[in-house]
Amino acid sequence: MQIAHDILLRSYRSMRTIRDFEERLHVEFATGDIPGFVHLYCGEEASGVGVCAHLTDTDTIASTHRGHGHCIAKGVGVDGMMAEIYGRKTGVCHGKGGSMHIADLSLGMLGANGIVGGGPPLICGAALSHKVLKDGGVAVAFYGDGASNEGTTLESLNLAMVWKLPAVFVCEDNGYGEATGAAYACAGTQKARAAGFGMPYLECDGTDFFAVYEAAGQAIAHARAGNGPVMLHVHLARWYGHFEGDAMTYRANGEVAEQRARHDCLKNFRQSVTETSLLEPTALDDIDASVKDEIEAAVKAAKNAPLPEPADLEADVYVSY
Amino acid sequence: MTDLITPITMPKFGLAMTEGKIAGWNIPSGTHVDAGQEIADIETTKITNGYESPASGTLRRQIATEGETLPVGALLGVLAEPAVSDADIDAFIARFQADFSSGGAATTQTDQAEPTLVSLGELTLRVQDAGQGTGTPIVFIHGFGGDLSNWMLNQNTLSTGRRTVAFDLPGHGGSSKNVGDGKPATFAATAAALLDKLDISRAHVVAHSLGGAIALELAKTFPQKVASLSLIAPAGLGQGINMDFIEGFISADRRKTLEPVLDYLVHDKTLISRKMIEDIIRFKRLDGAVKGLQTIAQSCFPNGRQADDLRPVLASFAGPAQVIWGADDEILSPDDAKGLPETIKVLILPAAGHMPQLEKAADVNAALTKFID
Amino acid sequence: MSKKSFRQAINEALRQEMLRDPRVVLIGEDIAGGQGGTSGVVDAWGGVLGVTKGLYTEFGPDRVFDTPISEASYIGAAVGAAATGLRPVAELMFVDFVGCCLDQIMNQAAKFRYMFGGKARTPLVIRAMYGAGFNAAAQHSQALYPLFTHIPGLKVVIPSSPYEAKGLLIEAIRDDDPVIFLENKVMYDDEEEVPDEPYAIPFGEANLTREGDDVTIVAFGRMVNFANEAADRLEKDGISCTVVDPRTTSPLDSATILECVEDTGRLVIVDESSPRCNMATDVAALVAEDAFDALKAPIRRVGPPHTPVPFATVLEKLYLPDAARIESAVRSVMAYKKTKQEA
């Protein structure tokens, strides 16, 4: 499969940004400077980036509580995100949403979502907007294996088929809904669930950018062409706990180490593109260095940014009241 | 003895009135009243008005209680001489009520003409067409923010032996909200087109306030259509205008803010009924209504002054013309009636504000009847 | 201007706004009705009580969307569509069904604007039937407006007549925030004069349907009619009441309520919803806090008992407030003054 040079560079940069952003949060959270809780996307970068590589600002995505990666992949700036996570006025939501509610509707990013299963119904609506407004857009719901058991998700799969919506349901299956394994919580298979609604189904290795890119490309093209929704089942693993501070006592020793060693999407991407001479290693090194600086600057700026003011408390509940 | 008993029934003020409320009795039961004496205040959907006794006699019974709302034609009270026995009065009341409930009310309902919608190109106008006969028709033109109900106490009375037409100007009442450039000349062209559409080649024009300026523009451009001009507190004869009224009328969207603005309209502030205020608020909520009023105000009263000087039009009008004004008008000054040519009759009514046709309906109707006949 | 029923007024508001703005779409269960049936008849129902009848026929399948019986998905879809450029009017049929989709309303639509730092607009209307009096029993009869009023980010409208319904629904559709619009199912055939033209009644402005000197009655939705009836009866006995129809419970026109209580010194609140934490308690708290000195008698609340809505007619009648109960509450606050003076 041929992938344009600039898409490869952009995707690598996006994955690297997510990785460094999350790794840095892991460190900073431990210092106690970050309020609330954060859910890290480390290890899952290729999924969000491989899907969003096919989207433009016209297209819409809905994310989950583990949303930083989707935001970055859809183009939300790390400065605003970092400031938001630090609860600063300069944050993308002015410090009023935090990690779980980062959104930028101007980029078609309908928000991370604190409610498991919150996104799929919203994406039916976004897809309806694309269909009625005839803007050619596609709407993509990212949801986890945990959310795949929510009634909202199952109802949305049905509604999307009934309305033949330009929607893609990306099930990011990292094997755990919080601390409970998908092996316990998910009856049957995602494939059979899609089949139950008569919905086309694709699956791929979510730690392999190229696999995600290809499968997502097919799914999105199908939806964009007006053929109705598709389920894309992405198999992956998360490298950290459900939230920061989760000791992951439910996972076997060595499970994460194995993932990091053998299924690191960044390492595998680098190996693949340099072996096939698609990209020069120096180009990737340059991106690594540049992203490192960018994250450093974002953290520094966030720590120094102003806090929300008392007047912000009651602002923006309504457009008018 | 029933011929000595006079029923007092709910009057019909204006064509659209179907019911009224007894705002208050002015005299107690058992008192003698003269014909024409105001015996009760009747509150209609538009305005509160004094009700004049149809005959002389003793008010033997007050059937309707204060605050009660009754259909037109319903029995309010009974007049009779003291000689008539209570039993006869009871029998009269029983018979009246039986007749009324078995169809009297329905009859009064059906004989009133509802306003109709008339299409003029892209405009739709709400028109109250009444009366018939050989007399030259009358057309009524209301003012800024008004509607055809401004003539509710006049049109009926003047509809004997002739056709009368009242209508809502564009941007007002039930007519289209498109006011064009909002200028009197434009409304005059619309009025002329309406007369053509209704096959009225020539009419007496009775016009109020801004409608006066429109009537003058009509007389200027279509003199053959205007048999006479009766201008009530007209615009176009001076420069001054109470902009607190104009601006307040446009901006007020609640009863509390609108009521003091409407108080400018009348000498007797109690005439502004709750329902009248509510009706105006309801009108102003209609899509485009406020925008239309703004356009008219900007065209007609830029910089807080009247834009058009139509004195020369009135001075050179060939037909008969009269001007009627309330002495206490707080919106357009009756001083504007000074210095007109002597051929123009000027009537200044004491204890009346900007709407003498409502506040002093009997005087205005008398003046109109005399002038037009 | 012509006489229109509550049902016709709502239908006309929807139709006129759909004509005005192509982004206005209708979403709901059976709002056309009949799709997938064997007769081939669509627009068979126009909603379970016929409120949207004819709109599918006029506007077609790109504007009027029948849904599966799947409240979470289609209410959520309406929220998502509102956040991405449409102005949906979703019909939730019976407000009791909010149990199946509260997350989409409470956690999504209501919170977007605040959570996203003022960047979201969610111009959504959710219409639903509420209220007892239809023998519809406990799961189809509730008056859940306090539930929505409690949630910041939502606006809540309870029209009390056909005129009010049309103007308030048009305002709701033009509003850029999520609006819950509650229609009392017993009132669909009520008729009054309603202008043919579109008009909007602003939110947060109470309507005084009666004005008097002795007692202020604050009533919500259908209860406004009962309050008017009670006020008219009391007037004959020389007790004059102000009846306040707040129109919207969020925003609430506190200023007008307080002014009326300042004028009359007595307050009766009529609320069809369950009595714990309802609008009556909210208004009572408001007046107790900000108009305490004006009160000549204790505040009285007229409402149902704290039970589910019963089915049997005899019980449902006992359950619902009516004009007689309002009248006796007014008389009791009037009597209170007398005993105080005598003492």
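Across the interface of chain A and chain C there is one salt bridge, and since this is a predicted model, please take every value I give this morning as computed from its atoms. The side chains of Arg113(C) and Asp316(A) meet in a salt bridge, with 3.9 Å from nitrogen to oxygen. On the side of chain A that touches chain C, the elements giving two or more residues are helix 5, residues 119-133, and helix 6, residues 151-162, of chain A, and helix 5 gives the most, with nine residues.

How much area is buried between chain A and chain C? It is about 3,400 Å², and carbon and sulfur atoms give 66% of that area. The size of an interface is often given in this way, as the accessible area lost when the parts come together. In terms of contacts, 40 residues of chain A meet 46 residues of chain C, and of the two pairs of chains in contact, chains A and C share the most contacts. Chain A and chain B, on the other hand, do not touch, and their nearest C-alpha atoms are 17 Å apart.

Let me turn to the other interface, between chain C and chain B. Here 22 residues of chain C are in contact with 13 residues of chain B, and the two chains bury about 1,400 Å² between them, with 33% of it on carbon and sulfur atoms. Three residues, Tyr163(C), Glu197(C) and Glu205(C), supply 32% of the area that chain C buries against chain B, which is more than any other three residues supply. How many salt bridges are counted between chain C and chain B? The count is seven, and the side chains of Arg255(B) and Glu211(C) meet in a salt bridge at 3.2 Å, nitrogen to oxygen. Eleven residue pairs are in polar contact across this interface, again with both residues at pLDDT 80 or more. On the side of chain C that touches chain B, helix 7 (162-174), strand 9 (207-210) and helix 9 (254-264) of chain C each supply at least two residues, and the largest share, four residues, comes from strand 9. Tyr163(C) comes up again here, for Arg282(B) lies over the face of its ring, at 3.4 Å from the ring centre.

Next, the aromatic residues. Over all chains, a search of the whole structure finds 19 aromatic pairs. One of them joins Phe144(B) and Phe301(B) edge-to-face, at 6.1 Å centre to centre and with 75° between the planes. This pair links distant parts of the chain, 157 residues apart, with Phe144(B) in the loop between strand 11 and strand 12 of chain B and Phe301(B) in the loop between helix 7 and helix 8. Phe144(B) counts as buried because its relative accessibility is 9%, and Phe301(B) counts as buried because its own is 5%. In chain A, Tyr12(A), Phe209(A), Phe210(A), Tyr213(A) and Phe269(A) form one aromatic cluster.

I will finish with some details of the backbone. Most residues other than glycine have a negative phi, and most peptide bonds are trans. Against that background, Ala233(B) has a positive phi, near 45°, and this residue is found in the loop between strand 14 and helix 4 of chain B. Is Ala233(B) buried or exposed? Ala233(B) counts as buried, because its relative accessibility is 0%. Asp43(C) also has a positive phi, near 60°, and it counts as buried because its relative accessibility is 5%. Finally, the peptide bond from Ser250(C) to Pro251(C) is cis, with omega near 0°, and Pro251(C) has its place in the loop between strand 12 and helix 9 of chain C.

Definitions and conventions: Residues numbered from 1 in each chain as written. Chains lettered and ligands numbered in written order. Predicted model: local features only at pLDDT ≥ 70, side-chain atom pairs only at ≥ 80, totals over all residues. Heavy atoms only, no water. Phe/Tyr/Trp six-rings, centres within 6.5 Å; stacked < 30°, edge-to-face > 60°. Buried < 20%, exposed > 50% of the residue type's maximum accessible area, 1.4 Å probe, protein only. Lys NZ or Arg CZ within 6 Å of the ring centre and 35° of its normal. Contact = heavy atoms within 4.5 Å. Buried area = accessible area lost by both parts, 1.4 Å probe. Salt bridge = Lys/Arg side-chain N within 4 Å of Asp/Glu carboxyl O. Polar contact = N/O pair within 3.5 Å; in protein donor to acceptor, adjacent residues only side chain to side chain.
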